[in-house]
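This briefing is meant for someone meeting the structure for the first time. Please look over the sequence and the model below before reading the points that follow.

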Amino acid sequence: MPQFTVDEDIAALVERLAKPKPFENLSFNTALKRVLQEHIKIKKVDDELDQLLSEPLATVRKEPKRTPSPSPQQWAASVPELKGRKDLNTWKEVCVLLKIDTAGDSARRKLKNWVKANRPNWPSVPEISGE
């Protein structure tokens, strides 16, 4: 096995880069091994980052656009009992007015079920496409 002579400044640098814990007594070999392993980890991360950045833009995934919720104002305007109300800007506000407990669920979906069960003569609550 070859043996190397190491200058003091190099040994001090390796020791400092190895970041020994307080009162940890590292041999030069252990310190050098720790420094090299950390360097290899950083190199792998850099290589992975370079690979990600070099991919063509076409392969970058885009989130699908969400379909907007139907307008509660338009629906309320079609219900004779709610027509003309200016304070019904959200499905939750409609549910609050009608005293429908949403319990953290979708207010539009709760309202839809409530209308089916309690006001079948009202216009149905609109669907979100994909439901």
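This is a predicted model: local features need pLDDT of at least 70, side-chain atom pairs count only at pLDDT 80 or more; totals for chains, interfaces and linings use all residues.

Ser 124 lies in the segment that comes after helix 5, and with a relative accessibility of 61% it counts as exposed, because the cut-off for that class is over 50%.

**The segment after helix 5**
- Ser 124 and Gly 104 are 20 residues apart along the chain, and their C-alpha atoms are separated by 22 Å.
- Although Ser 124 counts as exposed at 61% relative accessibility, Ser 124 is also among the residues in contact with Trp 75.

**Helix 5**
- Helix 5 covers residues 107-118, and because each of its 12 residues is taken at 1.5 Å, the helix should span 16 Å, which agrees with the 16 Å that separates its end C-alpha atoms.
- The buried residues of helix 5 are Ala 107, Arg 108, Leu 111, Lys 112, Trp 114 and Val 115, and what covers them includes helix 3 (72-77) and helix 4 (91-97).
- An α-helix has 3.6 residues a turn, so residues three or four places apart point the same way.
- Lys 112, which lies in helix 5, has a relative accessible area of 16% and is therefore buried, the limit for that class being under 20%.
- When residues up to four places away in sequence are not counted, Lys 112 touches Val 125 and Glu 127.

**Trp 75 in helix 3**
- Trp 75 is found in helix 3, and its relative accessibility of 3% makes it count as buried.
- Trp 75 and Pro 123 are 48 residues apart along the chain, while their C-alpha atoms are separated by 7.8 Å.

**The loop between helix 4 and helix 5**
- Lys 99 lies in the loop between helix 4 and helix 5, and Ala 103 is found in the loop between these two helices too.
- The phi angle of Lys 99 is near 60°, a positive value in a residue other than glycine, and the phi angle of Ala 103 is near 50°, likewise positive in a residue that is not glycine.
- Lys 99 counts as exposed at a relative accessibility of 74%, and Ala 103 counts as exposed at 63%.

**Helix 1 and helix 2**
- Helix 1 (residues 8-18) and helix 2 (residues 28-54) pack at an angle of about 60°, with their axes 8 Å apart, and that angle makes helix 1 oblique to helix 2.
- The crossing of these two helices, helix 1 and helix 2, is left-handed.
- On the side of helix 1, the residues that meet helix 2 are Ala 11, Val 14, Leu 17 and Ala 18, and their partners in helix 2 are Phe 28, Ala 31, Leu 32, Arg 34 and Val 35.
- Sorted by class, this contact of helix 1 with helix 2 has eight nonpolar residues, no polar residues and one charged residue.
- Lys 19 lies in the loop between helix 1 and helix 2, and with a relative accessible area of 67% Lys 19 is exposed.

Conventions. Residues are numbered from 1 along each chain as its sequence is written. Side-chain values use heavy atoms; hydrogens and water are left out. Axes are lines fitted to C-alpha atoms, for helices over the stretch in contact, and angles run from 0 to 180 degrees between N-to-C directions. Helices (H or I, at least four residues) and strands (E, at least two) are DSSP runs, numbered from the N terminus. Angles under 35 degrees count as roughly parallel, over 145 as roughly antiparallel, 65 to 115 as roughly perpendicular and the rest as oblique. A crossing is left-handed if the near helix is turned anticlockwise from the far one by less than a right angle, and right-handed if clockwise. Contact means heavy atoms within 4.5 Å. Ala, Val, Leu, Ile, Met, Phe, Trp, Tyr, Cys and Pro count as nonpolar, Asp, Glu, Lys and Arg as charged, and the others, Gly among them, as polar. The expected span of a helix is 1.5 Å times one less than its number of residues. Buried means under 20% relative accessible area, exposed over 50%, partly exposed in between (1.4 Å probe, protein chains only).
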